[in-house]
Every structure is written in C-alpha cells, then in structure tokens.
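Here are some notes for a colleague opening this structure for the first time. Please read them with the model on screen.

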Amino acid sequence: MIDHPASGRTPHAGHTLLVVEDDPSIRTLLTSALGAAGHAVASAADGQEALSEAGKRRPDLIVLDVMLPDTDGFRLTRDLRAQGVYTPVLFLTARTAVQDRIIGLSSGGDDYVTKPFHVQEVLLRIRAILRRSATPATGHGGGRAPLCYADVTLDHDSHEVRRAQRPLKLSPTEFRLLACLMARPERVLEKAEILQQVWRYDFSGDTRIVDTYIKNLRRKIDHDAPPLIHTVRGVGYCLRLPRDRDTAAPR
C-alpha cells in the first residue's frame with residue numbers, strides 16, 4: 001500500500017521508500033516520519049507483500065525488518081539480489097550480536113539499525129545510504145571517465161562493470177568497493193581505509209564486513225583468469241595482476 005506524506009511537503013523532492021515491518025505501530029511511525037521528510041512511502045507487512053511492492057514501486061531504498069511472519073529480511077534480501085534487484089536495504093532488527101550484523105550486511109544489505117531505535121537515527125542512516133548510492137566511492141561527481149585496469153572496466157555514469165567485455169551484476173556496495181580498489185590499482189588498501197571510503201564510517205571498528213564483501217566481489221570479478229583481487233595478510237587488499245610468488249600462496 002502507498003502512504004502519503006504526513007506534512008504539507010511534497011514527495012517529489014525526495015525518494016520513493018518501501019517500509020517492510022509487521023508491527024503496525026512501528027510501520028505507522030516510520031511511514032509518517034519518512035513522509036514528513038518529503039519521501040513517497042510504500043509499506044508492507046510481510047515478505048510476499050514486500051516483493052510485490054518492490055516490483056510495483058521500484059523504491060530507491062527499502063527499510064526492512066529482519067523478523068517477518070513469512071520469512072526473514074536476510075533471506076528476502078538475498079532473493080532480491082538473486083533476481084537482479086540491487087535496491088539499497090536498511091535492516092531493522094532486535095538482534096544486536098556482531099555476527100548477526102555481518103550476516104545481514106553480507107546478504108546484500110547496506111546498513112543496520114537495532115531496535116529500539118530513534119527515528120532520527122533511521123532518517124540519518126537513510127540519508128547516508130542514498131548519498132552513497134548516488135556518489136562514487138572516491139567522492140567525485142558524475143561525468144567521469146570510466147575506470148580501467150587489466151580487462152576490467154567500471155563506468156560510474158552507467159553503473160556498469162565489465163570484465164573481458166562480459167557484463168557483471170554488482171550490488172551498489174560491491175560497485176563502490178570495486179571503484180575504491182580500481183581508483184588505486186597496485187596499492188595496498190588497509191581495511192580501515194576501505195571502510196571509510198566505501199561505507200563512510202567504521203561499523204564500530206569491525207572490519208569483517210570488508211572481508212565478506214571482498215569474498216563476494218572475488219566470486220564475480222575473479223571468475224575469469226587471471227585473479228586481480230589479492231590479500232595482503234595483516235594489512236588489507238590490493239587490485240593488481242598476479243606476480244610469480246602469488247602462485248604459491250593463497251589469495
């Protein structure tokens with residue numbers, strides 16, 4: 001269903017958002033707050049309705065409760081990504097363990113807010129995700145020349161990535177991560193630096209999210225030989241062509 005803004009502000013200045021939450025009071029709170037912030041807001045109470053709304057509304061961002069009556073938000077996000085839907089996702093959940101956060105983000109989510117939450121925090125997180133989605137990891141605007149390294153090409157304007165002329169489907173976060181690596185080829189990037197460039201903050205200092213996304217990116221980028229994404233143990237990651245000694249050591 002579609003919910004109209006709760007104030008006199010018109011939604012055309014904002015984005016289209018989808019709130020997926022089975023608790024009616026939380027769903028009403030979020031749709032009202034997001035509408036008041038100038039966004040057009042659709043809502044859903046379960047996973048099946050969420051898939052339907054996502055297909056009809058094509059939202060710019062999904063605010064997604066992890067615990068739903070018919071599925072969980074992590075599985076729903078993986079299903080969306082498998083269908084080629086890379087809409088940014090902000091998870092809402094009562095789970096506070098770091099491992100749950102890693103699972104959520106590695107499933108294709110973009111950020112994570114724990115319950116109980118302050119509405120203003122949700123609004124700030126949404127604003128940050130939308131800004132990251134619209135801006136390359138290097139912080140420059142549009143109209144830039146494509147990034148190229150070896151047989152990989154990344155085009156910021158069309159949001160397309162190709163390896164050996166084969167198109168690759170990357171999530172927004174995977175795209176920013178690859179852009180970060182390609183902007184500094186053959187340079188070792190520390191995990192903390194990658195967190196700052198790609199996520200714009202440090203997830204409480206936990207760098208395992210970088211490891212998870214590098215693993216996901218490798219499956220797509222390094223599906224073709226030679227492998228380009230290399231691990232520098234104890235430091236971080238580097239985009240470069242293999243060296244002779246790489247054949248004797250795992251990446």
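Two strands count as paired if DSSP finds at least two bridges between them.

1. **The hairpin of β8 and β9.** This is a predicted model. Strands β8 and β9 form a hairpin with 4 residues between them. Histidine 159 sits in the turn and has a positive phi of about 55 degrees. Strand β9 covers residues 160-163, and its pairing with β8 is antiparallel, over 4 bridges. Within that pairing, leucine 154 stands opposite valine 161 in β9.

2. Strand β7 (residues 147-149) is joined to β8 by 3 bridges, and the two run antiparallel. Tyrosine 149 has valine 152 in β8 as its bridge partner. These strands also make a hairpin, with 2 residues between them. Here alanine 150 takes the positive phi, near 50 degrees.

3. **Two faces of β8.** Which side chains of β8 are buried? Val152 and Leu154 are, and they point to one face of the strand.

4. **Confidence.** The protein chain averages a pLDDT of 83, and 83% of the residues score at least 70. Strand β2 (residues 16-20) has the highest confidence, at 97. Strand β1 (residues 2-3) has the lowest, at a mean of 44. Over residues 1-13 the pLDDT is below 50, although the model gives this stretch 28 contacts beyond near neighbours in sequence. Residues 136-141 also stay under 50, with 14 contacts beyond four places in sequence. Where pLDDT is low, the predicted coordinates should not be read in detail.

5. **The chain as a whole.** The protein chain holds 8 helices and 13 strands. Of its 251 residues, 47% count as buried. Take the contacts between residues at least 6 apart in sequence: 60% of them join residues at least 24 apart.

6. **A covered helix.** How many residues of helix α6 are buried? The count is 11 of 11, over residues 172-182. Charged side chains are on the list too: Glu174 and Arg176 are among the buried residues. Others include Phe175, Leu177, Leu178 and Cys180.

7. **An open sheet.** Three strands make an open sheet in the order β11-β13-β12, with antiparallel pairing. β11 (189-190) and β12 (229-232) stand at the edges. Each has a single partner strand, so one side of each is left without a neighbour in the sheet. β11 pairs with β13 over 2 bridges, and glutamate 190 stands opposite glycine 236 in β13. Helix α8 packs on this sheet and touches β12 and β13. The direction of α8 makes about 150 degrees with that of β12.

8. **Leucine 239.** This residue lies in strand β13 (residues 236-239). Is leucine 239 buried or exposed? It is buried, with a relative accessible area of 3%. Beyond its neighbours within four places in sequence, leucine 239 is in contact with Tyr149, Leu181, Met182, Pro185, Glu186, Leu228 and Ile229. Tyr149 comes from β7, and Leu181 and Met182 belong to α6. Leucine 239 and alanine 183 are 56 residues apart in sequence but 9.5 Å apart in space, C-alpha to C-alpha.

9. **Helices α7 and α8.** How do these two pack? Helix α7 (residues 191-199) and helix α8 (residues 208-221) meet at an angle of about 75 degrees, with their axes 9 Å apart. The two are therefore roughly perpendicular to each other. From α7, the residues in contact are Lys191, Ile194, Leu195 and Trp199. They meet Ile209, Val210, Asp211 and Tyr213 in α8. By class, this contact has 6 nonpolar, no polar and 2 charged residues.

10. **Threonine 212.** This residue is also found in helix α8. Threonine 212 has a relative accessible area of 19%. Buried means under 20%, so threonine 212 counts as buried. Leaving out residues up to four places away in sequence, threonine 212 touches Ile102 and Ser106.

Notes:
Residues are numbered from 1 along each chain as its sequence is written. This is a predicted model: local features need pLDDT of at least 70, side-chain atom pairs count only at pLDDT 80 or more; totals for chains, interfaces and linings use all residues. Side-chain values use heavy atoms; hydrogens and water are left out. pLDDT is the predictor's confidence in each residue, from 0 to 100. Contact means heavy atoms within 4.5 Å. Axes are lines fitted to C-alpha atoms, for helices over the stretch in contact, and angles run from 0 to 180 degrees between N-to-C directions. Angles under 35 degrees count as roughly parallel, over 145 as roughly antiparallel, 65 to 115 as roughly perpendicular and the rest as oblique. Buried means under 20% relative accessible area, exposed over 50%, partly exposed in between (1.4 Å probe, protein chains only).
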